[in-house]
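Good morning, and thank you for coming.

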Amino acid sequence: MIDQVRPADLAAWFAQNADATPVLLDVREPWELQTASVAPQGFTLVAIPMNEIPGRLAELSNGQSELRIACLCHHGARSQRVAAFLNQNGFDQLANVAGGIDAWSSHDPSVPRY
């Protein structure tokens, strides 16, 4: 099952497992990252465009089977697809950031909206 987590609730979702540093996986394109990005606060930020995920899965595991990964895109559709793909490939502590960076910008004025 893939949790749907609002940006404001992400820290609490990450805190459910304090044994490993959680990952926010941003699957947007490089130009999108330049337009709006988030600052890592209590998590590791990893940016891998959606189409590169299959070839770069090893970068996400780092030998940690209990890694918590929250996927982020613009509105939540791409990140949901990536979370489902990760789930099919053995990752089980997954969340989709509901509403994506667009929702994030609603509660964090430092993140531009596009």
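This is a predicted model: local features need pLDDT of at least 70, side-chain atom pairs count only at pLDDT 80 or more; totals for chains, interfaces and linings use all residues.

Which residues in H5 are buried? They are Gly100, Ile101, Asp102, Trp104 and Ser105. By buried I mean under 20% relative accessible area, with exposed being over 50% and partly exposed in between, for a 1.4 Å probe and protein chains only. Those buried residues of H5 pack against H1, strand S2 (23–26), strand S4 (69–72) and strand S5 (94–97).

Residues are numbered from 1 along each chain as its sequence is written, and side-chain values use heavy atoms, with hydrogens and water left out.

Let me turn to the overall fold. The protein chain has five helices and five strands, and along the sequence they follow the pattern β-α-β-α-β-α-β-α-β-α. Helices (H or I, at least four residues) and strands (E, at least two) are DSSP runs, numbered from the N terminus. The C-alpha atoms fill a box of roughly 35 × 30 × 20 Å along the principal axes. The radius of gyration of the protein chain is 13 Å, which agrees with the value near 13 Å for a compact globule of 114 residues. That radius is taken over C-alpha atoms, and the globule rule is 2.2 Å times the number of residues to the power 0.38. Of the 114 residues, 45% count as buried.

Next, consider Leu10, which is found in helix H1. Leu10 counts as buried because its relative accessibility is 3%. Leaving aside neighbours within four places in sequence, Leu10 is in contact (heavy atoms within 4.5 Å) with Val5, Leu24, Ala70, Val97 and Trp104. Leu10 and Val97 are 87 residues apart in sequence, yet their C-alpha atoms are 7.7 Å apart in space.

Leu45, in strand S3 (residues 44–47), has 29% relative accessibility and therefore counts as partly exposed. Not counting residues up to four places away in sequence, Leu45 touches Leu24, Asp26, Ser37, Val38 and Pro40.

A further residue deserves attention. Arg28 is found in the loop between S2 and helix H2 (30–35). Is Arg28 buried or exposed? At 0% relative accessibility, Arg28 counts as buried. The side chain of Arg28 reaches two backbone oxygens: that of Glu32 at 3.2 Å and that of Ala36 at 2.7 Å. Beyond four places in sequence, the residues that Arg28 touches include Leu33, Pro49, Leu72, Ile101 and Tyr114.

Finally, I come to the largest pocket. About 250 Å³ of space lies in it. Of the 15 residues that line this pocket, the closest to its centre are Ala39, Gln41, Phe43, Trp104 and Asp108. Helix H1 (10–14) and helix H5 (100–107) are the elements that give two or more residues to the lining, and the largest share, three residues, comes from H1.

Terms used
On a 1 Å grid over the protein atoms alone, a cavity is a set of points where a 1.4 Å probe fits but cannot get out, and a pocket is an open set with protein on both sides within 12 Å along at least five of seven lines; lining residues have an atom within 4 Å of a point. Grid points are joined across faces, edges and corners, and a volume is the space filled by probe spheres set on the points. A polar contact is a pair of N or O atoms within 3.5 Å; within protein, one must be able to donate a hydrogen and the other to accept it, and residues adjacent in sequence count only if both atoms are side-chain atoms.
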